[in-house]
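Me: I would like to go through this model slowly and ask, for each label put on it, what the label rests on. Please set each value against its cut-off before concluding.

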Amino acid sequence: MPTPFTHLRIAQELLIDERLLPLYRELLARQVPAFQLGSIVADARVASGVGREVTHFYAYGRPISVRPWRLMLRQHPGLTEARDEAHLAFLAGYVAHLATDEAWALKMVRPQFWERDWPGVERRDKFLALHLILTVMDERDEVELAAWAAESLRRSEPDSWLPFMSDDVLRGWRDLVARQISPGGESETLAIFGRRLKRDPAEIRAVLDDPALMKHHLWRHVARENLAVVERQAYAFTRDQLAVYLTEFMPALESV
């Protein structure tokens, strides 16, 4: 659910998070480009035209009874055996992405947007508010990305890493994101959201730039403090699920 810029910022934090075992951080440090690509590529479904269930392993409106990353491995058992370190780091990034989206769905989207009544607010305007909060995060996180992020991401080279999306789709998404975060690049977030919302991106920009409109459309319904709490919870959950994945599947690679 968060944008690629937010997922890349989370991946960047995980690379230096001392609450992860040194063994895990050393692996990710050796394979930063693959880890970056894994952290964003689930959202390439936008370009590939496949459904959320295919890439995220859950659907809106249905309970999440199994961790989406575990469901991915269940549906595609070949992914339980990474072929090399780059593949393992890529899958670790994918697991982190799915964990973040799971936490975001369960702690923010469902309880705050879809299951809670906003008196006098139509569903269409709730959908706008959701994209406003995502854009707030997106624009903050783009600025926080390291100077090396774009060039590092470009160095990722998928090699039949996923059975449900082709390498061409992965490369296309890699290049789309890297172009936006490169020096002099221009974010396409509002253009993408505008198409999704069927609204002029300039209209969305006008709301984002007007504190009174932001309060009316978003902050009076979802407090900034609530967002901060959910983001902390989502990050901790992501880190923990990443550690679980590597604990279970990194030894299998080392034994080959």
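Me: Which residues of H1 are buried, and what does the word buried require?

Reply: In this predicted model, the buried residues of H1 are Pro4, Phe5, Thr6, His7, Leu8, Arg9, Ile10, Ala11, Gln12, Leu14 and Leu15. The word requires a relative accessible area under 20%, and eleven of the twelve residues of H1 count as buried, so that the helix is mostly covered.

Me: How do you know that the span of helix H1 is close to what is expected?

Reply: Helix H1 covers residues 4-15 and reaches 16 Å from its first C-alpha to its last, and the span expected at 1.5 Å a residue is 16 Å.

Me: Why is the contact between Asp17 and Arg19 called a salt bridge?

Reply: The label asks for a side-chain nitrogen of Lys or Arg within 4 Å of a carboxyl oxygen of Asp or Glu, and the closest N and O atoms of Asp17 and Arg19 are 3.1 Å apart, so the pair qualifies.

Me: What makes the salt bridge of Asp125 and Arg199 a link between distant parts of the chain?

Reply: Asp125 and Arg199 form a salt bridge in which the closest N and O atoms are 3.1 Å apart. The pair joins distant parts of the chain, with Asp125 in helix H8 (residues 123-144) and Arg199 in the loop between helix H11 (189-197) and helix H12 (201-208), and the two are 74 residues apart. Asp125 is partly exposed, with a relative accessible area of 26%, and Arg199, at 9%, counts as buried.

Me: What makes a group of residues a nonpolar core, and which members of the largest one touch the most others?

Reply: The members must be buried residues of the nonpolar kinds counted, joined through side-chain atoms within 4.5 Å. The largest nonpolar core has 55 residues, of which Phe35, Phe90, Tyr94, Leu162 and Tyr245 touch the most other members. The elements that give two or more residues to this core include H1, helix H7 (85-114) and helix H14 (224-254), and H7 gives the most, with ten residues. Leaving aside neighbours within four places in sequence, Phe35 is in contact with Ala11, Leu14, Leu15, Leu28, Ala89, Phe90, Ala92, Gly93 and Leu242. Apart from this core lies another, of 25 residues, among them Phe113, Leu130, Val222 and Val230.

Me: How do you know that Thr100 is buried?

Reply: Thr100, which is found in helix H7, has a relative accessibility of 3%, and this value is under 20%, so Thr100 counts as buried. Beyond its neighbours within four places in sequence, Thr100 is in contact with Pro2, His7, Ile10 and Thr238.

Me: Why is the protein called as compact as a globular protein of its length?

Reply: The protein has 14 helices and zero strands. Its radius of gyration is 18 Å, close to the 18 Å that the globule rule gives for 256 residues, and it is therefore as compact as a globular protein of that length. Buried residues make up 53% of the 256 residues, and, among contacts between residues at least 6 apart in sequence, 77% join residues at least 24 apart.

Terms used: Residues are numbered from 1 along each chain as its sequence is written. This is a predicted model: local features need pLDDT of at least 70, side-chain atom pairs count only at pLDDT 80 or more; totals for chains, interfaces and linings use all residues. Side-chain values use heavy atoms; hydrogens and water are left out. Helices (H or I, at least four residues) and strands (E, at least two) are DSSP runs, numbered from the N terminus. Buried means under 20% relative accessible area, exposed over 50%, partly exposed in between (1.4 Å probe, protein chains only). The expected span of a helix is 1.5 Å times one less than its number of residues. Contact means heavy atoms within 4.5 Å. The radius of gyration is taken over C-alpha atoms; the globule rule is 2.2 Å times the number of residues to the power 0.38.
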